[in-house]
Amino acid sequence: MPNRPSFENPVVIAKPVLVDLDDFKGELQEVWKSGWLTNNGYKHQELEARLQAEIFDGFPTSLVSNATIGLIVAFKTLGITSGEVITTPFTFPATPHSITWAGLKPVFCDIDPDSMNIDVKKIESLITADTKAILAVHVFGRACEVEKIAEIARKHDLKVIYDAAHAFELELNGKSVACYGDASVFSFHATKLFHTVEGGAIVFKDKHLKEKCDIVKNFGIKNEEVIECGINGKMNELQASIGLLMLTEKDIERNHRAMIEGIFHDRLGGVDGVILPRKSGDVTKESLQYFVIRINAAQFGFSRDYVHENLKKHNVFSRKYFYPLCSNAKFYRDFFSAKEERLPIANDVADRVLALPFHGGISPDDAERICDLISSFKGN
């Protein structure tokens, strides 16, 4: 065991970025003065416009109350109301749940062993006459093979939606990842680097889809007439106010996380059996949302669960993310596509993956000590 002691205070997996309280009060005073708390208020309009211009390369952007609602609204906006949607089992439950809530059926596709994203080589074998869309996930902020997915979609006349919950500010070849697919849905939950406490955004390629989306998320109302079976998916002014302040705060958090990421890479890169996230050459800006390792028990000497439990004994709280697989949940495990033998890579990865604490509350010394602990657990 390392000579340095365990952590006196818990080192948590995630810690929300808190904006300056006085600055937030200033935003609230403006909201109170306007008397406009929701329904496309001034703060909502400003945040939406700034995100579209500053983050999403000018692509039409629509703010929503949360990303799960955003995915459901995206299906409705794209006119996908029945049939099957090919997706990944290695994701947060919101991904397949949104498909189900939209009246569609998720079909699980195995994942790539390196990127942990949906395996593009296995998508076409799952396409049937009932397939309407592909819902791919940029897992842990690592971009999917977007060009190959686009090629498959064109060939089979499918819509492509990206669950980009982890991919805020992710750029490929200098362009926002939001420029791929028919729609990308981002999460602004409190655990995200950029957040609005709860919230999210849908980014479209087509401005007419944004116009339709704004109707769908507002109960289907246009000019006082109900023209769609819509839903209440609007972001309120308090959420938007946090988001406006976070546009400044996020860069401080990003810089700190980049430093911590460097320490993790330097210190764990030589530990046999610890597999680090590989950086893709076409990524010109990372999301820095998570730092996730995998434990190869045969090489490391102990399992992921052993590392997870022993970190807890030292007051370090990692997360087995994503475990268990969505396909193993009782809602989906009887699906033919959810059978374990059809998802060998996803089931294997789910038993190995471990998200480390990764946020602005971790000092460089904390990161060094976490690496010391993981190294000390290694078997001979």
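This short talk walks through a sheet, some ring pairs and some salt bridges in one structure.

Hi everyone. What you see is a predicted model, where local features need pLDDT of at least 70, side-chain atom pairs count only at pLDDT 80 or more, and totals for chains, interfaces and linings use all residues. Residues are numbered from 1 along each chain as its sequence is written, and side-chain values use heavy atoms, with hydrogens and water left out.

Let's start with the sheet. Seven strands make up an open sheet with mixed pairing, and their order is S1-S9-S8-S5-S4-S2-S3. Strands here are DSSP runs of E with at least two residues, helices are runs of H or I with at least four, and both are numbered from the N terminus. Two strands pair if DSSP finds at least two bridges between them. At the edges sit strand S1 (61-64) and strand S3 (105-108), each pairing on one side only. On average, neighbouring strands of this sheet are turned by 25° against each other, direction ignored.

Strand S2 (residues 84-87) and S3 run parallel and are joined by four bridges. Within that pairing, Val85 stands opposite Pro106 in S3. Helix H4 (residues 94-101) packs on the sheet, where it touches S2, S3, strand S4 (131-137) and strand S5 (159-163); contact means heavy atoms within 4.5 Å. The direction of H4 makes about 140° with that of S3. For these angles, axes are lines fitted to C-alpha atoms, for helices over the stretch in contact, and the values run from 0 to 180 degrees between N-to-C directions.

On to the rings. How many aromatic pairs does a search of the whole structure find? It finds 20. Rings of Phe, Tyr and Trp (its six-membered ring) pair if their centres lie within 6.5 Å, and planes under 30 degrees apart count as stacked, over 60 as edge-to-face and the rest as tilted. One of the pairs is Trp36 with Tyr42, edge-to-face at 4.8 Å centre to centre and 75° between the planes. Trp36 is partly exposed at 29% relative accessible area, while Tyr42 is exposed at 53%. Buried means under 20%, exposed over 50%, and partly exposed in between, with a 1.4 Å probe and protein chains only.

Phe140 and Tyr290 are edge-to-face too, because their ring centres are 6.1 Å apart and their planes stand at 75°. This pair links distant parts of the chain, 150 residues apart: Phe140 is in the loop between S4 and helix H5 (146-156), and Tyr290 is in the loop between strand S13 (283-285) and strand S14 (291-295). Are these two buried or exposed? Both Phe140 and Tyr290 are buried.

Last stop, salt bridges. Side chains of opposite charge can pair when their charged atoms come close. The cut-off here is a side-chain nitrogen of Lys or Arg within 4 Å of a carboxyl oxygen of Asp or Glu, and the whole structure has 26 such bridges.

Which partners does Glu169 have? Lys250 meets Glu169 at 3.1 Å, N to O. Lys250 lies in helix H7 (residues 237-268) and Glu169 in the loop between S5 and strand S6 (171-172), so this bridge ties together parts 81 residues apart in sequence. Lys250 is buried at 6%, and Glu169 is buried at 7%. Lys285 also bridges to Glu169, with the closest N and O atoms 3.0 Å apart. Lys285 is partly exposed at 24%.

Through shared partners, Glu169, Lys250, Asp251, Arg254 and Lys285 join into one network.
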